[in-house]
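Trainee: I would like to learn how to read a predicted model. Please take me through one, feature by feature.

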Amino acid sequence: MTESEPEDGSDYALPELCGALTRGSARCSAVVPDSSSITADPELDGKRLIVGCSRQHLAELAEQYKHRPFVDAELWQGKIARAMQQHPEGVSPEDLANETGLNLQQIEAGVTWRTIDFQHWHQQFRKKHGPDAEK
């Protein structure tokens with residue numbers, strides 16, 4: 001598990017922290033756009049707090065995020081996943097739209113993103129671990 005992954009297994013984003021930080025050390029922080037960042041507070045979705053041990057290191061961390069594309073459908077699928085966790089019995093499309101603040105077209109795009117992302121993961125996993133994996 002990386003420091004940006006929550007320990008409870010949820011999909012909520014945590015700050016990206018510098019591994020060099022120790023108790024009492026100086027910290028620099030910034031908020032960067034990140035469509036994979038879903039938080040407990042929907043107002044903060046799509047924003048990631050990054051923390052560096054110096055201004056230079058913070059700039060290096062921020063530079064990494066500049067090269068990561070912000071994909072609206074990725075953000076939407078995260079909002080959908082968070083809402084679905086609250087409704088394991090299911091939820092109507094209209095209630096899902098109200099809860100997430102998304103319209104039905106955005107929900108469809110988010111679900112499509114998740115499906116494509118899963119298919120990509122499955123293909124990669126099968127190549128590395130499936131019956132035809134290279135040994």
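Mentor: We go from confidence to fold, then to cores, surface and salt bridges.

Mentor: This is a predicted model, where local features need pLDDT of at least 70, side-chain atom pairs count only at pLDDT 80 or more, and totals for chains, interfaces and linings use all residues. Residues are numbered from 1 along each chain as its sequence is written, and side-chain values use heavy atoms, with hydrogens and water left out.

Trainee: What is the mean pLDDT of the protein?

Mentor: pLDDT is the predictor's confidence in each residue, from 0 to 100. Here the mean is 82, and 76% of the residues reach 70 or more. Over residues 1-12 the pLDDT is below 50. Beyond near neighbours in sequence, that stretch has 22 contacts in the model; a contact means heavy atoms within 4.5 Å.

Trainee: Which pattern does the protein follow along the sequence?

Mentor: Helices (H or I, at least four residues) and strands (E, at least two) are DSSP runs, numbered from the N terminus. This protein has four helices and three strands. The order is β-β-β-α-α-α-α. Of contacts between residues at least 6 apart in sequence, 54% join residues at least 24 apart.

Trainee: How many residues make up the largest nonpolar core?

Mentor: In soluble globular proteins, nonpolar side chains tend to be buried together. Buried means under 20% relative accessible area, exposed over 50%, and partly exposed in between (1.4 Å probe, protein chains only). A nonpolar core is a set of buried Ala, Val, Leu, Ile, Met, Phe, Trp, Tyr and Cys residues joined through side-chain atoms within 4.5 Å. In this protein, 30% of the 135 residues are buried. The largest core has eight residues: Ala 73, Trp 76, Ile 80, Ala 83, Leu 96, Ala 97, Leu 102 and Ile 107. The largest share, four residues, comes from α2. Another core, of seven residues, lies apart from this one and includes Cys 28, Val 32, Leu 61 and Tyr 65.

Trainee: Which residues make the nonpolar surface patch?

Mentor: Patch residues have over 30% relative accessible area and no salt bridge; like charges are joined within 9 Å, nonpolar side chains (Val, Leu, Ile, Met, Phe, Trp, Tyr) within 5 Å. Phe 118, Trp 121 and Phe 125 make a nonpolar patch of about 340 Å². Phe 118 sits in helix α4 (residues 104-129).

Trainee: Which residue forms a salt bridge with Asp 34?

Mentor: A salt bridge is a side-chain nitrogen of Lys or Arg within 4 Å of a carboxyl oxygen of Asp or Glu. The structure holds six. Asp 34 pairs with Arg 68, the closest N and O atoms being 3.5 Å apart. The partners are 34 residues apart, Asp 34 in the loop between β2 (28-33) and β3 (47-52), Arg 68 in the loop between α1 (55-66) and α2. Asp 34 is buried, at 2% relative accessible area, whereas Arg 68 is partly exposed at 31%. Arg 68 also bridges to Glu 74, with closest N and O atoms 2.9 Å apart. Glu 74 is buried, at 12%. Shared partners join Asp 34, Arg 48, Arg 68 and Glu 74 into one network.

Trainee: By how much of a helical turn are Glu 63 and Lys 66 separated?

Mentor: About one turn, because Glu 63 and Lys 66 are three residues apart in helix α1. Their side chains meet in a salt bridge (3.8 Å, N to O). Glu 63 is partly exposed at 35%, and Lys 66 is exposed at 63%.

Note on methods:
Areas by Shrake-Rupley, 256 points an atom, 1.4 Å probe, with all protein chains shown as cover.
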